[in-house]
Amino acid sequence: MILESRVALVTGASRGIGRAVGVELARMGATVACLATSEKNAQATVDVISQTVPTAISKAWGCDVSDPESVDSVVKSIEAELGTIGILVNNAGVTRDTLLVRMSDEDWSTVIDTNLKGVFNCCRAVIRGMMKARWGRIINITSIVGLHGAAGQVNYAASKAGIVGLTMSIAKETGSRGITCNSIAPGFIETDMTADLPEDMREHVCKTAPVARLGTPEDIAKAVVFLAGEGSSYITGQTLTVDGGLSL
Ligand code: NAP
């Protein structure tokens with residue numbers, strides 16, 4: 001129960017990586033606010049948390065992370081009900097994949113607004129509370145695509161690379177106040193986002209990655225728990241790649 005007495009906000013918590021992160025943080029004793037595009041979607045994970053960790057406190061919230069006013073109001077509501085947010089996991093993300101020549105303004109804006117502006121909105125909304133408490137852990141989910149690029153993902157790669165720069169800058173701004181800010185760069189993880197991955201691509205990942213398998217949401221959740229705990233207090237501004245060695 002290394003995270004007992006901590007309040008965590010997990011965005012994109014309705015399924016996939018966000019759900020596993022919510023469950024794992026609850027297992028470690030944290031009170032977990034689950035956020036998705038709707039409260040109903042997030043409630044599905046709250047139900048899983050209460051089945052898996054019956055003693056855990058968790059609650060669902062819904063909003064679009066790209067909308068600053070909604071984020072501010074959700075954070076106020078979470079802090080009024082559960083207490084100051086000490087752990088923020090920025091995990092909400094979308095893809096709109098297509099080649100640059102075919103990419104619409106909307107494909108670009110939706111991905112940048114959700115994946116990058118959403119992280120900015122959430123960090124800004126929680127940072128005052130963390131500064132006052134002189135303790136905080138911000139963990140941003142980027143991607144190996146943000147570090148290495150990918151054809152057909154100009155928008156997604158730019159949003160995820162932006163998270164890396166934002167992470168280093170927040171680390172520099174807040175380190176002296178007991179706050180760390182790090183990113184995790186997953187490789188291919190089995191979730192809805194990769195459900196349509198062609199079979200030959202799956203085989204390629206399994207052949208190329210030294211650990212010879214796709215990742216699970218739990219692989220990422222374990223890394224989040226490490227970065228959320230006391231054991232990582234001297235690590236900040238870093239991007240931890242969790243990809244089974246795929247990008248080596
Ligand atoms: P997923 O299964 O598609 O889930 C995406 C989550 O984000 C859902 O909870 C969704 O909520 C939420 N979301 C989307 N747009 C939102 C918005 N505007 N406001 C609030 N919530 C929003 O994705 P995943 O595979 O678990 O990925 C989670 C994160 O890891 C993403 O940032 C992704 O880019 C990153 N990542 C994934 C992989 C991978 O292989 N899966 C690899 C590298 C990085 P609703 O259910 O309400 O729509």
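Helices (H or I, at least four residues) and strands (E, at least two) are DSSP runs, numbered from the N terminus. This is a predicted model, in which local features need pLDDT of at least 70 and side-chain atom pairs count only at pLDDT 80 or more, while totals for chains, interfaces and linings use all residues. Residues are numbered from 1 along each chain as its sequence is written, and side-chain values use heavy atoms, with hydrogens and water left out.

**View 1. The protein chain as a whole.** The protein chain holds eight helices and seven strands. Along the principal axes, the C-alpha atoms fill a box of roughly 45 × 35 × 35 Å. Of the 248 residues, 50% count as buried; buried means under 20% relative accessible area, exposed over 50%, and partly exposed in between (1.4 Å probe, protein chains only). Contact means heavy atoms within 4.5 Å. Among contacts between residues at least 6 apart in sequence, 73% join residues at least 24 apart.

**View 2. Thr45 in helix H2.** Thr45 is part of helix H2 (residues 39-52). Thr45 counts as buried because its relative accessibility is 0%. Beyond its neighbours within four places in sequence, Thr45 contacts Ala13, Ser14, Arg15, Arg19 and Cys34.

**View 3. The largest nonpolar core.** A nonpolar core is a set of buried Ala, Val, Leu, Ile, Met, Phe, Trp, Tyr and Cys residues joined through side-chain atoms within 4.5 Å. The largest one has 34 residues, and Leu25, Ile184 and Val224 have the most contacts inside it. Two or more residues each come from strand E1 (7-11), helix H1 (16-27), strand E2 (31-36), H2, strand E4 (87-90), strand E5 (136-141) and helix H8 (217-228). H8 gives the most to this core, with seven residues. Apart from this core lies another, of 28 residues, among them Leu9, Leu35, Trp61 and Ala92. In soluble globular proteins, nonpolar side chains tend to be buried together.

**View 4. Surroundings of Leu25.** Not counting residues up to four places away in sequence, Leu25 touches Leu3, Ala8, Val10, Ala30, Val32, Val89, Val224, Val225 and Ala228.

**View 5. Ser183 in strand E6.** Strand E6 (residues 179-186) contains Ser183. With 1% relative accessibility, Ser183 counts as buried. The contacts of Ser183, leaving aside neighbours within four places in sequence, are Asn140, Thr142, Ile163, Thr167, Leu227, Gln238, Thr239 and Leu240.

**View 6. Arg202 in helix H7.** Arg202 lies in helix H7 (residues 199-208) and, at 17% relative accessibility, counts as buried. Residues up to four places away in sequence aside, Arg202 touches Glu190, Thr194, Ala195, Leu197 and Leu214. Phe188 is 14 residues from Arg202 in sequence, and their C-alpha atoms are 8.7 Å apart.

**View 7. Two loop residues with positive phi.** Most residues other than glycine have a negative phi. Arg134, not a glycine, has a positive phi of about 55° and lies in the loop between helix H4 (105-133) and E5. Ala212 also has a positive phi, near 60°, and is found in the loop between H7 and H8. At 45% relative accessibility, Ala212 counts as partly exposed.
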